[in-house]
Amino acid sequence: MASAQAITTDDYKLFPSPRNRHRVIFPHQVFVPYPYMLIDLESYYLQGKFSLFAACRLSDGKMGQLVTLELPADEIKFKAKFVPD
């Protein structure tokens, strides 16, 4: 059941992508308000580990995706290169 895999944090209700190598919520996070956009994190050539989650932001109920990254440099790189469709 999908709801059994949900992870609730203080800020988000998260559903891990089945393509994740690491099902960890890393400390550097970027919320993107595009719930249906395909985000191919491999194509960003990040240095550290990363994971992607479908996300509901609890503060306002906004749906989107949460990219979590191990390294702060990868967060900067992702923000610089991310362009929504």
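Colleague: How many helices and strands are there in the protein chain?

Modeller: The model is a predicted one. From the N terminus on, its elements run β-β-β-β-β-α. The count for the protein chain is therefore 1 helix and 5 strands.

Colleague: What is the radius of gyration of the protein chain, and what does the globule rule give for 85 residues?

Modeller: The C-alpha atoms fill a box of roughly 30 × 25 × 20 Å along the principal axes. For 85 residues the globule rule gives 12 Å, and the chain comes close to that value, so it is as compact as a globular protein of that length. The radius of gyration is 12 Å.

Colleague: Among contacts between residues at least 6 apart in sequence, what percentage join residues at least 24 apart?

Modeller: A contact here requires heavy atoms within 4.5 Å. Among those contacts in the protein chain, the share that joins residues at least 24 apart is 66%.

Colleague: Where does D74 lie, and is D74 buried or exposed?

Modeller: D74 belongs to helix 1, which covers residues 72-81. Leaving aside residues up to four places away in sequence, D74 touches L46, Q47, G48 and L69. Buried residues make up 36% of the 85 in the chain, and D74 is buried.

Colleague: Why does D74 have no salt bridge, and which side chain of opposite charge is nearest?

Modeller: A salt bridge needs a side-chain nitrogen of Lys or Arg within 4 Å of a carboxyl oxygen of Asp or Glu. The nearest side chain of opposite charge is 5.7 Å from D74, so no salt bridge is counted. That side chain belongs to K77.

Note on methods:
Residues numbered from 1 in each chain as written. Predicted model: local features only at pLDDT ≥ 70, side-chain atom pairs only at ≥ 80, totals over all residues. Heavy atoms only, no water. Helix = DSSP H or I, 4+ residues; strand = E, 2+ residues; numbered from the N terminus. Rg over C-alpha atoms; globule rule 2.2 N^0.38 Å. Buried < 20%, exposed > 50% of the residue type's maximum accessible area, 1.4 Å probe, protein only. Lys, Arg positive; Asp, Glu negative; His and termini not counted.
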